[in-house]
Amino acid sequence: MADRKNGMVQAYGYPSNAGTSQIVSRAVAAAAANSHHSSRGKSGRNSKRYSVSAFYSMAAEQDNEVEDELAQAQRSLRELKSKISGQSKKNFVLERDVRYLDSRIALLIQNRIALDEQNEMASHLEEHGVENSDSFPDDRRMQLYGNFFFILQSEPRHIATLCRLVSLSEIDTLLQTVMFTLYGNQYESREEHLLLTMFQNVLAAQFETSTEFGSLLRANTPVSRMMTTYTRRGPGQAYLKSILSDKIKDLVEDQGLNLEINPLKVYEQMVAQIESEKGFLPADLPRSVTPEVAAENENVQKIIQPRLEKLIEIAESFLTTIISSTASVPYGIRWICKQIRSLTKRKSPDASEYSVCSMIGGFFFLRFINPAIVTPRAYMLLETAPGNAPRRTLTLASISIRRADKRRY
């Protein structure tokens, strides 16, 4: 009987498995019922027709069940994307408040800021955006505000003008409005397109007015802060985690790895080790020397040389992984790199390929890759912050990656 069921399933193009066996069982039962009721004037041919009809009915019911499960999965995915967008905004607000508190603490140490300012900031953090319901404007003002909001969102050139006018101390407030309110849905193609158009306008104006072409994307400006914030959204975070987390963990977990190449620090470490082993220092090894004397010491040079080779090996490994994963780089980040290339060629048609790639690297590595390597916990690549020695290793590795990238061109 089981073989007969499987034969029926395969004859109509369905795979033979446990799910379809249940369909066949139900179809056979329905066919048997139809055959019983039609035995008084129906031929065997009609009975067979009823069996096939019942079989297709059961298969259609199974298809509906699959479609329902797919719809539920798609709905769950949309809800998760919405939660990620909301959490990104909360994280940005908290980071901004932490930076503000750091500046207030610095003033407190220097000038003992007034107590009412501390209370005001504390109440702001507790309320966190909760407003009094009586403060809402009337319907007319709400309509005007809605129209104004729509114009700002649909015509990014206005936001681009604001980005060029704000100061570095005001950029965080503007970023909160632009990236997490106007264009807050990072998984919606229309909003992402408008946000990238705004970036294009800002970069074009920055290239036109800049007098220091080499440090255009390296200086700490409102535009560079905005680009850094963009790379830290959901897609950028996911890309960094997929390509960097394993390599960073390997470096951090190697407790015996010492890649210090600063001649003065290497000399101090060498002197401290000799003193701990022998109990005294030789006469030709003074405790304190200048960086120039430390760099000329033969033992220091012998210690540094293999460390340099190891750093180059690490940098090449990171670069190989990054280059091989270019297809996985979020579209928006690749689009910004393309705009930088086009604007560089427009600003300086005779610029060499090295200069163009250096401009792109100023954004991709200095604003995207290197910060994640130096501070992996801030980018959620590690659960705990690395110690002093691993942190120094990560810093040296990030510097080596940037230099290795330049050597490729």
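Isoleucine 336, setting aside its neighbours within four places in sequence, is in contact with Leu196, Phe199, Leu203, Met227, Tyr230 and Phe363, where contact means heavy atoms within 4.5 Å. The model is a predicted one, in which local features need pLDDT of at least 70 and side-chain atom pairs count only at pLDDT 80 or more, while totals for chains, interfaces and linings use all residues. Residues are numbered from 1 along each chain as its sequence is written, and side-chain values use heavy atoms, with hydrogens and water left out.

Ile336 also belongs to the residues with the most contacts inside the largest nonpolar core, together with Leu244, Ile340, Phe364 and Ile369, and this core has 68 residues. A nonpolar core is here a set of buried Ala, Val, Leu, Ile, Met, Phe, Trp, Tyr and Cys residues joined through side-chain atoms within 4.5 Å; buried means under 20% relative accessible area, exposed over 50%, and partly exposed in between, with a 1.4 Å probe and protein chains only. Helix H15 (residues 353-374) supplies the largest share of the core, 10 residues, helices being DSSP runs of H or I with at least four residues, numbered from the N terminus. At least three residues come from each of domain 1 (141-232) and domain 2 (234-254 + 307-406), with bounds taken from an automatic or database domain assignment. Another core lies apart from this one and has 10 residues, among them Val271, Ile274, Val300 and Ile304.

The structure holds five aromatic pairs, counted when ring centres of Phe, Tyr and Trp (its six-membered ring) lie within 6.5 Å, with planes under 30 degrees apart called stacked, over 60 edge-to-face and the rest tilted.

Tyr145 and Phe149 both lie in helix H5 (residues 139-154), four residues apart, or about one turn of the helix; Tyr145 is exposed at 51% relative accessible area, whereas Phe149, at 25%, counts as partly exposed. Tyr239 and Phe368, by contrast, are both buried, and because Tyr239 lies in helix H10 (residues 234-253) and Phe368 in helix H15, their pair ties together parts that are 129 residues apart in sequence. Ring pairs also link Tyr239, Phe364, Phe365 and Phe368 into a cluster.

Charged groups meet rings as well: the charged end of Arg232 sits over the ring of Tyr379, 4.4 Å from its centre, and Lys247 lies over the face of Phe318, at 5.9 Å from the ring centre. The criterion is that NZ of Lys or CZ of Arg is within 6 Å of the ring centre and within 35 degrees of the ring normal.

Note on methods. Helix = DSSP H or I, 4+ residues; strand = E, 2+ residues; numbered from the N terminus.
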